[in-house]
Amino acid sequence: MAIRKNPDVSVADIAAEAGMGRMTLYGHFQTRAELIGAALVDSLERAEEVLSEIPLDGDARTAFQRLLASSWMFVDQSRALLATAQKELSAGRIRELHEKAEARMRGLLVRGQQEGTFRDDLPVSWLLTTTHVVLNGAAEEILADRLDPDDAPRFIEATLLSAFAAQDE
């Protein structure tokens, strides 16, 4: 989709790539923001199909690494779409659209805290926010040519695993 390639693509170019006229596209979406929201929902639904198959049993740290790697794959694939969504949609709306994926991550972090794998001196809501910021920050850094896409997975994992590791008393 044109939005995934260029965050500033025009509605006319989006319609042309979809093989329809701009007015036809506006017949389905009243605003550019609605169109962007629909594209983000579609992207998240495709990601959900894959992420729901990631095994989260066993060691919480290993499960977190698997979920993080798969989550990054989707963030990386849709970074232009996400950049567009951040311009067109509120941060609250974007977060709301990520609720299913966030629920999966929340459950894993809670389990990891209960098992002593992840630090419990910080609330899970903060760990989720940190994960969200680091993943999306990596996507923004790649778009700005300040981070090599090949380095991002390693940097993300290193940052979050060290930040979330249970603290010795």
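Reader: Why is aspartate 42 called partly exposed?

Author: Happy to start there. This is a predicted model, and in it aspartate 42 has a relative accessibility of 36%. Buried would require under 20% and exposed over 50%, so a value of 36% puts aspartate 42 in the partly exposed class.

Reader: What makes the pair of aspartate 42 and arginine 46 a salt bridge?

Author: The closest N and O atoms of aspartate 42 and arginine 46 are 3.3 Å apart. The cut-off is 4 Å, between a side-chain nitrogen of Lys or Arg and a carboxyl oxygen of Asp or Glu, so this pair passes. Arginine 46 is partly exposed as well, with 37% relative accessibility.

Reader: How do you know that about one helical turn separates aspartate 42 from arginine 46?

Author: Both belong to helix α4, which covers residues 32–51, and they are 4 residues apart in that helix, so about one helical turn lies between them.

Reader: What makes arginine 93 and glutamate 96 a salt bridge, and where do they sit?

Author: Their closest N and O atoms are 2.6 Å apart, and the limit is 4 Å, so the pair counts as a salt bridge. Arginine 93 and glutamate 96 are in helix α7 (residues 91–97), and because they are 3 residues apart there, about one helical turn separates them. With relative accessible area at 34%, arginine 93 is partly exposed; glutamate 96, at 43%, is also partly exposed.

Reader: What makes glutamate 102 buried?

Author: Glutamate 102 has a relative accessible area of 16%. Buried means under 20%, so glutamate 102 qualifies. Its place is in helix α8, residues 99–114. Beyond its neighbours within four places in sequence, glutamate 102 is in contact with Arg95 and Leu128.

Reader: How do you know that leucine 127 is buried, and what does it touch?

Author: The relative accessible area of leucine 127 is 1%, which is under the 20% limit, so leucine 127 is buried. Leucine 127 lies in helix α9. Leaving out residues up to four places away in sequence, leucine 127 touches Leu109, Gln113, Arg119, Leu122 and Phe164. Alanine 163 is 36 residues from leucine 127 along the chain, with 8.8 Å between their C-alpha atoms.

Reader: Why are α4 and α6 called oblique?

Author: Two packed helices are described by the angle between their axes and the distance between the axes. The axes of α4 and helix α6 (residues 79–88) come within 10 Å and cross at roughly 140 degrees. Roughly antiparallel would need an angle over 145 degrees, and roughly perpendicular runs from 65 to 115, so α4 and α6 are oblique to each other. Their crossing is left-handed. On the α4 side the contact is made by Arg32, Ala33, Ile36, Ala39, Leu40 and Ser43, and on the α6 side by Leu81, Thr84, Ala85 and Glu88. By class, the contact residues of α4 and α6 are 6 nonpolar, 2 polar and 2 charged.

Reader: What makes α5 and α9 oblique too?

Author: Helix α5 (residues 60–77) and helix α9 (residues 124–143) pack at about 40 degrees, their axes 10 Å apart. Roughly parallel means under 35 degrees, and roughly perpendicular begins at 65, so α5 and α9 are oblique to each other. The crossing of α5 and α9 is right-handed. Phe64, Leu68, Ser71, Trp72, Val75 and Asp76 of α5 meet Thr131, Leu135, Asn136, Ala138, Ala139 and Ile142 of α9. The contact of α5 with α9 divides into 8 nonpolar, 3 polar and 1 charged residues.

Reader: And the whole protein: how many helices and strands are there, and what part of the residues is buried?

Author: The protein has 10 helices and 0 strands. Of its 169 residues, 40% count as buried. Among contacts between residues at least 6 apart in sequence, 66% join residues at least 24 apart. Along the principal axes, the C-alpha atoms fill a box of roughly 60 × 30 × 25 Å.

Technical notes. Residues numbered from 1 in each chain as written. Predicted model: local features only at pLDDT ≥ 70, side-chain atom pairs only at ≥ 80, totals over all residues. Heavy atoms only, no water. Helix = DSSP H or I, 4+ residues; strand = E, 2+ residues; numbered from the N terminus. Buried < 20%, exposed > 50% of the residue type's maximum accessible area, 1.4 Å probe, protein only. Axes fitted to C-alpha atoms, helices over the stretch in contact; angles between N-to-C directions. Left-handed = near helix turned anticlockwise from the far one by under 90°. Contact = heavy atoms within 4.5 Å. Nonpolar A, V, L, I, M, F, W, Y, C, P; charged D, E, K, R; others polar.
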